[in-house]
Amino acid sequence: MLDSARQDKILSYLKNNVSATVKELAAALYVSDATIRRDLTEMQSLGLLKRSHGGAVLLEPADEISIFVRMTKNAKEKELAATNALKYIPTDFKTVFFDSSSTILALAQRMNLSDKTVMTNNLQTAMQLSRVKNINLLIPGGVIATAGASITGSWTNTLLSEFRFDLMLSSCAALDPQNAYETSIDQREVKRTAFEHSSRRILIADHTKFPRRETYVFQSLSAFDQIIFDTLTEKERDSLRGLPVFCE
């Protein structure tokens, strides 16, 4: 099992149990105590958890990890996915919705958005794009999720339903050959609303999120116009055969 996949499983375990001992995690993941200790030390350095005597405690709310941590975690893979996406994203759009993911934040900073109308529920993305000249930048109202630095809630969904976007660029928490998933129901609802009101929908993810599942189904992969990865193995590509997948 890859380190990133194992650490995601540790996070999932802590989300369900808040705290866990090294021995509990080792038994659940079928690895040695030493491997778990190394993972916990690395994850603590990223701000994902706090080491306790003989184990670890989850720091963040169980439904969403801080965007600043997500920006650091698998940063190289996200950068590659964003760079790869630039080759496939159409340029003839006038309006675009950016979701609250750190992958899309990396992408938004690279795009030419001159004379475009941009909507995002990601406060960090909005702050970055506020420095760009000649764009019409909008953020929806709603409840601010402190950990994720994003805006969600019923008011957000109502406002989004009043818009029609030429393009939606989104990522996800995990995906398997059938669906894209989210860990937060609030984020899922925002993404679904934007998805339903967009003409073209593109999903961008790094390979560490595949194949995995999370709690809430965001959308069927077959509903996307394009699905862009940084890279995939031949076996992983075969499992997605028939879908509009693009990768290196």
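User: How do helices H2 and H3 lie to each other, roughly parallel or roughly perpendicular?
Analyst: This is a predicted model, in which local features need pLDDT of at least 70 and side-chain atom pairs count only at pLDDT 80 or more, whereas totals for chains, interfaces and linings use all residues. Residues are numbered from 1 along each chain as its sequence is written, and side-chain values use heavy atoms, with hydrogens and water left out. Helix H2 (residues 22-29) and helix H3 (residues 33-45) pack with their axes 9 Å apart and at an angle of about 110°, where axes are lines fitted to C-alpha atoms, for helices over the stretch in contact, and angles run from 0 to 180 degrees between N-to-C directions. Since angles of 65 to 115 degrees count as roughly perpendicular, under 35 as roughly parallel, over 145 as roughly antiparallel and the rest as oblique, H2 and H3 are therefore roughly perpendicular.

User: Which residues of H3 make the contact with H2?
Analyst: The crossing of H2 and H3 is right-handed, a term for the near helix being turned clockwise from the far one by less than a right angle. On the H2 side, the contact (heavy atoms within 4.5 Å) is made by Val22, Lys23, Leu25, Ala26 and Leu29. On the H3 side, the contact is made by Asp33, Ile36, Arg37 and Leu40.

User: How many residues of the contact of H2 with H3 are charged?
Analyst: In this classification Ala, Val, Leu, Ile, Met, Phe, Trp, Tyr, Cys and Pro count as nonpolar, Asp, Glu, Lys and Arg as charged, and the others, Gly among them, as polar. The residues of the contact of H2 with H3 divide into six nonpolar, no polar and, as the charged group, three.

User: What percentage of the residues in the protein chain is buried?
Analyst: The secondary structure of the protein chain comes to 10 helices and 15 strands, taken as DSSP runs numbered from the N terminus (helices H or I, at least four residues; strands E, at least two). The accessible surface of the chain comes to about 11,700 Å², with 51% of that area on carbon and sulfur atoms, as computed by the Shrake-Rupley method with a 1.4 Å probe. Buried means under 20% relative accessible area, exposed over 50% and partly exposed in between (1.4 Å probe, protein chains only). Of the 248 residues in the protein chain, the buried share is 51%.

User: How far apart in space are Leu167 and Arg201, C-alpha to C-alpha?
Analyst: Leu167 has its place in strand S9 (residues 165-170), where a relative accessible area of 1% makes Leu167 buried. Leaving aside neighbours within four places in sequence, Leu167 is in contact with several residues, including Ile89, Phe93, Val96, Ser198, Arg200 and Ile202. Leu167 and Arg201 are 34 residues apart in sequence, while their distance in space, C-alpha to C-alpha, is 5.9 Å.

User: Where does Asn134 lie?
Analyst: Phi of Asn134 is near 65°, a positive value in a residue other than glycine. Asn134 is exposed, because its relative accessible area is 56%. Asn134 lies in the loop between helix H7 (123-129) and strand S6 (136-138).

User: Is Leu113 buried or exposed?
Analyst: Leu113 has its place in the loop between H6 and S5, and Asp115, with a positive phi of about 65° although it is not a glycine, is in the loop between helix H6 (102-108) and strand S5 (117-120). Asp115 is exposed, with a relative accessible area of 64%. Leu113, setting aside neighbours within four places in sequence, is in contact with residues among them Phe93, Phe98, Val118, Leu129 and Asn134. At 3% relative accessibility, Leu113 counts as buried.

User: What is the C-alpha to C-alpha distance in space between Thr117 and Phe93?
Analyst: Thr117 is found in strand S5 and is partly exposed, with a relative accessible area of 24%. Beyond neighbours within four places in sequence, Thr117 is in contact with Lys94, Thr95, Val96, Asn136 and Leu138. Thr117 and Phe93 are 24 residues apart in sequence, and their C-alpha to C-alpha distance in space is 9.2 Å.

User: What is omega of the cis peptide bond that joins Phe210 and Pro211?
Analyst: Pro211 has its place in the loop between strand S12 (198-205) and strand S13 (216-220). For the cis peptide bond between Phe210 and Pro211, omega is about -10°.
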